Amino acid sequence: MTGSQTIRARRRNDRDGVFAGSNPERAIIDIGSNTVRLVIYGGSMRAPTVLLNEKVTAKLGRDIAETGRLADEAIELAMRGLERFALLLADHDITDIETVATAAVRDAKNGGEFIARLEELGFQPQVISGEVEACLSASGVAGAFPGATGTVADLGGGSLELVDIADGQPGEATSLPLGTLRLPEYRDKSASAMRKTLENKIAKGADKATANAKGKPLYLVGGTWRCMAVYAMQERDHPLTDPHGFSLTYDEAVDLAKTLAKEDIDTLKSRERISSMRAEKLPDAAVLLQALLSRLSPCGLVFSSWGLREGLLYDRLPDQDKVQDPLLAGIAVFAAQRGAPAILATRVAAWTVEAAPAREHGDERLRLAATMLSLASMQIEPNIRLPQAIDWALHKRWIAVGAKERAMIAAAIAANGNMLDVSDAIIELAGKDAVDEAICWGLAVRLARRLGARSQRSLQSSRLRVENGTLVLRITEKRASLVGIPTEKDLKLLAGRLGLDWTVETVPESALDLPAIGKVEA
């Protein structure tokens, strides 16, 4: 082993266990007008796990409008954070690092001097144009919402990027100086006058980028927009907490923007999950949203937590990885780290597919996701198992899954743990029929895993079938002793939910219908 290999090996040993089973693989440093942020990623890059997300609120762009320069104090604050980031990345032996700088640095007269100081730290920063920034944000949206079509609006501190997106492909893009730090310049005697001014700015600068916006979703990217979603969710007593994927109709969006434009900043600061910095920006951003709604006439809003940084990750993926299902990719890594590898979940999903398939309210993709999380939940201590696992389904940031689907996964997890009376919130999100379907998924998983303690042989030597109105568990004679009282209870419970009779049959191995117990694509 060479000296450099020895050093790297020592570093890996030093960090063993630091990120709970995920190896830190890539890092992105995002130097914006408000914040300088380091994000370290692991897991599947199709649905990456955020291992570290740290920011410094340097407000590099705060004086650009007045002086055209990055403020000295802001530079020093940013550099202090960047020096820390450099040490963290070295400690974790991360060499795949992308450093991007956006509006503040590209617009500042002294932006080059700041970049030189970054290079002295060993970073290789890219100062990207507004159009490139817009397209990267659109790529992030495409990664989070496969096949996305509409308009992406990425609101940062220094600029607003607008880009057309069709079937996940970015089109015309533009960048406007309408970031949250610059919106106060457009304040007038009234919010309506400010809105008209902003509408004119959008009309003159973004006609091509928004030409196809009418009647299609407007995807909102950026921390201030997400904070707006949090506000809307709070106002509705929404059962979920993650703003990613939250949507509003056009009329609901108009009402939200109108309400927020009039909100008192101190009142906003008193709300949970709304920081002082965001509270100060929300009323102006609401007026900007009014202008966008008036000018673009979208069918509604979709809030995205994926933007520029995720676009950088997504654009580097091979084509075969881009077409992976991001929900299954993310859950597969998460579940595998908790004792439920994807191959096990696929076997269980295949074993249960005839008795409890996805019917009217879900699909096999969702059922497989529910199976993975149900199996993973069994590694949690029993006294905290169900609340924690249900929270995984409802509140963890999964990609490409809606509120109804989250609730169905939660219902399946609950049933796997023998909890059949789910909360009103879950029924509200999915509807009773969908919840009933998902409960059958969970009961089938419970039967499969308890039959042979998740062993492969127990699934290979048995079949679960529906025949002539009866749920039949067929098992080979040599393995018949696996069917105990708990197994019969599980079988009876599932049959009851399906409205079927039930029976157990023991057969010679040669009579067990050995070809294919079903196939579920991971």
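Modeller: Axes are lines fitted to C-alpha atoms, for helices over the stretch in contact, and angles run from 0 to 180 degrees between N-to-C directions. The model discussed here is predicted. Two packed helices are described by the angle between their axes and the distance between the axes.

Consider helix α15, residues 342–352, and helix α16, residues 364–377: their axes lie 9 Å apart, and the packing angle is about 120°. Because angles of 65 to 115 degrees count as roughly perpendicular and those over 145 as roughly antiparallel, α15 is oblique to α16. The crossing of α15 and α16 is right-handed. From α15, the residues L344, A345, T346, V348, A349 and T352 take part in the contact, and α16 contributes R367, L368, T371, M372 and L375.

A second pair may be set beside it. The axes of helix α7 (residues 191–205) and helix α11 (residues 276–296) come within 8 Å, crossing at roughly 55°. That angle makes α7 oblique to α11, and the crossing of α7 and α11 is right-handed. Residues of α7 in this contact include M194, L198 and I202, while those of α11 include V287, L288 and L292. The contact of α7 with α11 involves 10 nonpolar, 2 polar and 4 charged residues.

Methods. Residues numbered from 1 in each chain as written. Predicted model: local features only at pLDDT ≥ 70, side-chain atom pairs only at ≥ 80, totals over all residues. Heavy atoms only, no water. Helix = DSSP H or I, 4+ residues; strand = E, 2+ residues; numbered from the N terminus. Parallel < 35°, antiparallel > 145°, perpendicular 65-115°, else oblique. Left-handed = near helix turned anticlockwise from the far one by under 90°. Contact = heavy atoms within 4.5 Å. Nonpolar A, V, L, I, M, F, W, Y, C, P; charged D, E, K, R; others polar.
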